[in-house]
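Morning, everyone. One chain today, and I'll keep it short. Please have a look at the screen.

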Amino acid sequence: MRYMIIVKATTETEAETGIQTPDEALIKAMTDYHEQLAQAGVLLDGSGLKPSRLGWRISFSETGTDDRRTITDGPFAETKELVAGYTLIQVRSREEALEWTRRFPNPVGRGRAAEIEVRELYELDDFAPSESVNRLRDIGVGGA
């Protein structure tokens, strides 16, 4: 079972303007946590995301038989809906994922309000067998 621990963006993460000089205690806590995940063999990936001003969104609009795409450059106003980073883990159960996420360091520093969200990823075995699912498995997508 794979789970993504999603770190929600804040006005501070969205205000990034260049080379970061994060709080050393926070970097140490995150490094220690990710090192523990790696030593336990459950860490798949993890990273922070640059602010939305450097990104874009693509919106799909229904136009008959085709999807029309509209590109909107960042930044995006609703910080609470943005993601600032993630950690991807693979564990044996929901309970194990919950235990690891209880230990996740506060992503903005001790004593400050923050939020993380945890979501289970779909596995290819969650879908009915098909040629497309087999093709995804062959190219290594979906936890294959």
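Of the contacts in the chain between residues at least 6 apart in sequence, what percentage join residues at least 24 apart? The answer is 71%, where contact means heavy atoms within 4.5 Å.

Some ground rules. This is a predicted model, so local features need pLDDT of at least 70, side-chain atom pairs count only at pLDDT 80 or more, and totals for chains, interfaces and linings use all residues. Residues are numbered from 1 along each chain as its sequence is written, and side-chain values use heavy atoms, with hydrogens and water left out.

Next, the layout. The chain has four helices and six strands. Both are DSSP runs numbered from the N terminus: helices are H or I, at least four residues, and strands are E, at least two. The order from the N terminus is β-α-α-β-β-β-β-α-β-α.

Now the inside. Of the 144 residues, 28% are buried, meaning under 20% relative accessible area with a 1.4 Å probe, protein chains only. The largest nonpolar core holds 17 residues. Such a core is a set of buried Ala, Val, Leu, Ile, Met, Phe, Trp, Tyr and Cys residues joined through side-chain atoms within 4.5 Å. Helix 2 gives the most to this core, four residues. Tyr-33, Trp-100 and Phe-104 are among those with the most contacts inside it. Leaving aside neighbours within four places in sequence, Phe-104 contacts residues including Ile-5, Met-30, Tyr-33 and Ile-116.

One last residue. Glu-96 lies in helix 3, residues 94-102. Glu-96 counts as buried because its relative accessibility is 17%. Not counting residues up to four places away in sequence, Glu-96 touches Val-42 and Val-91.

How values were computed: Buried < 20%, exposed > 50% of the residue type's maximum accessible area, 1.4 Å probe, protein only.
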